Amino acid sequence: VFPSLAQAQASVANEVYRELGQPSVFLFCPTEYCSSLCSPSPSKSCYLLTLGQELLPGIGVIWTGPKVVSQELSATLLEEVEGVLRRRPVIWDNLYANDYDCRRVFLGPYTGRAPGLMPGLRGLLLNPNCELQANFIPIHTLGSWFQSELRSCAHPDHAGMESAAALGDSQGTQEGSYSPQEALELALLDWVAEINRQALEPGR
């Protein structure tokens, strides 16, 4: 019935989206959801080009970055993806996901995301560790990053800051920029306080 997989998927997604009354949040995860799955590249992928043309504009498209688990996200990559999909992507961030190797747990600060990304995003979802309690630092430091991005949006002159801090180097950070090390220290203080609070609860 359809000349390509992308046209089939777009047709079904559009029909479901209309049937649901075109909700404000409707997310579509493409088969090619990161750069490494695209052939030959995101901007030249016939699959993504078709989706960009066929999907209704209100449908959000999920993207994980250069890889399924991306160590870094850049504004340049987001611009490329937005260009081919004709919409800002919703980042599905697998930085902390450990469902592919449950012997490991990721407890470091949110890092590797260049400053000034928020204007290029339709949204950001964090895929956490499978162990609930292990996500305190990831979620807390994501909140610190988000607050820093909001400040940058409120003060556009900060948006062009050096990206070293956001990519993991906390030395020489400029005032108002996100520092993974500072975010980690704040998260640890709050986590210890939360552990102590829970320890004092009756029955603990």
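1. Accessible areas come from the Shrake-Rupley method with a 1.4 Å probe, and for residues only the protein chains shown count as cover. By that method, the chain has an accessible surface of about 11300 Å². Carbon and sulfur atoms hold 56% of that surface.

2. A word on the source. This is a predicted model, in which local features need pLDDT of at least 70, side-chain atom pairs count only at pLDDT 80 or more, and totals for chains, interfaces and linings use all residues. Residues are numbered from 1 along each chain as its sequence is written, and side-chain values use heavy atoms, with hydrogens and water left out.

3. Start with the overall layout. The chain has five helices and four strands. Both are DSSP runs numbered from the N terminus: helices are H or I with at least four residues, strands are E with at least two. Along the sequence the pattern reads α-β-α-β-α-β-β-α-α.

4. Of the 204 residues, 41% count as buried. Buried means under 20% relative accessible area, exposed means over 50%, and partly exposed lies in between (1.4 Å probe, protein chains only). Contact means heavy atoms within 4.5 Å. Among contacts with a separation of 6 or more, 71% come from residues 24 or more positions apart.

5. Now look inside. A nonpolar core is a set of buried Ala, Val, Leu, Ile, Met, Phe, Trp, Tyr and Cys residues joined through side-chain atoms within 4.5 Å. The largest one has 32 residues. Phe28, Leu48, Leu51, Leu55, Ile59, Trp63 and Tyr110 touch the most other members. Helix H1 (5-19), helix H2 (46-54), strand E2 (60-63), helix H3 (75-85) and helix H4 each supply at least two residues. H3 gives the most, with five. In soluble globular proteins, nonpolar side chains tend to be buried together.

6. Take isoleucine 59 as one example. Leaving out residues up to four places away in sequence, isoleucine 59 touches Ala13, Asn14, Tyr17, Phe26, Phe28, Arg87 and Arg122.

7. Val25, Leu27, Trp92 and Leu125 make a nonpolar patch of about 350 Å². Patch residues have over 30% relative accessible area and no salt bridge; like charges are joined within 9 Å, and nonpolar side chains (Val, Leu, Ile, Met, Phe, Trp, Tyr) within 5 Å. A salt bridge is a side-chain nitrogen of Lys or Arg within 4 Å of a carboxyl oxygen of Asp or Glu. Tryptophan 92 lies in strand E3 (residues 90-93). Tryptophan 92 counts as partly exposed because its relative accessible area is 31%.

8. Is serine 179 buried or exposed? Serine 179 is buried, at 4% relative accessible area. Serine 179 sits in the loop between helix H4 (136-154) and helix H5 (180-199). A polar atom of its side chain lies 3.2 Å from the backbone nitrogen of glutamate 182. Serine 148 is 31 residues away in sequence and 9.2 Å away in space, C-alpha to C-alpha.

9. A cis peptide bond joins serine 39 and proline 40, with omega about -5°. Proline 40 is in the loop between strand E1 (27-28) and H2. Glutamine 22, not a glycine, has a positive phi of about 50°. Glutamine 22 is in the loop between H1 and E1 and is partly exposed at 46%. Arginine 86 also has a positive phi, near 60°. Arginine 86 is in the loop between H3 and E3 and counts as exposed, with 58% relative accessibility.

Note on methods: A polar contact is a pair of N or O atoms within 3.5 Å; within protein, one must be able to donate a hydrogen and the other to accept it, and residues adjacent in sequence count only if both atoms are side-chain atoms.
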